Amino acid sequence: MTVEIEEWLTSVAQFERLSVDLTGTVEWPEVVTRVRVVLEQMRSNVRSRHALAQVNLTGASPLSCQLIRDRDLLLAEAQQVN
């Protein structure tokens with residue numbers, strides 16, 4: 001007797017939790033780049049047609065207050081990743 005296992009995608013979207021280490025970032029574009037790199041890596045590994053990510057920012061950065069204040073701007077820039 002032979003058993004075959006096949007993997008079938010059953011969902012329209014894949015949900016992921018991501019962590020972005022911002023240790024040492026001192027410029028806004030550096031933060032955006034780090035977030036985009038992590039999102040692009042996730043996107044290349046997702047098998048579903050769509051992906052939804054919860055992004056947690058970690059690490060010490062002098063930009064922490066600005067990131068809290070301007071989180072909508074960071075979100076808008078992160079959403080540009082296809």
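Predicted model: local features only at pLDDT ≥ 70, side-chain atom pairs only at ≥ 80, totals over all residues.
Of its 82 residues, 26% count as buried. The radius of gyration of the protein chain is 17 Å, whereas a compact globule of 82 residues would have a value near 12 Å, and the C-alpha atoms, taken along the principal axes, fill a box of roughly 60 × 20 × 15 Å.

The protein chain contains 3 helices and 2 strands, arranged from the N terminus on in the order β-α-β-α-α. Strand β1 (residues 13–21) and strand β2 (residues 50–58) run parallel and are joined by 9 bridges; within this pairing, arginine 17 has glutamine 54 of β2 as its bridge partner. Together with helix α1 (residues 28–45), β1 and β2 make a β-α-β unit that is right-handed. Among the contacts in the protein chain with a separation of 6 or more, 76% are accounted for by residues 24 or more positions apart.

The loop between α1 and β2 includes serine 48. This residue has a relative accessible area of 6% and is therefore classed as buried, the cut-off being under 20%. When residues up to four places away in sequence are not counted, serine 48 touches Leu9, Ser11, Val12, Ala13, Gln14 and Arg43.

Methods
Residues numbered from 1 in each chain as written. Heavy atoms only, no water. Pairing = 2+ DSSP bridges. Helix = DSSP H or I, 4+ residues; strand = E, 2+ residues; numbered from the N terminus. Right-handed = clockwise from strand over helix to strand, strands pointing away. Buried < 20%, exposed > 50% of the residue type's maximum accessible area, 1.4 Å probe, protein only. Contact = heavy atoms within 4.5 Å. Rg over C-alpha atoms; globule rule 2.2 N^0.38 Å.
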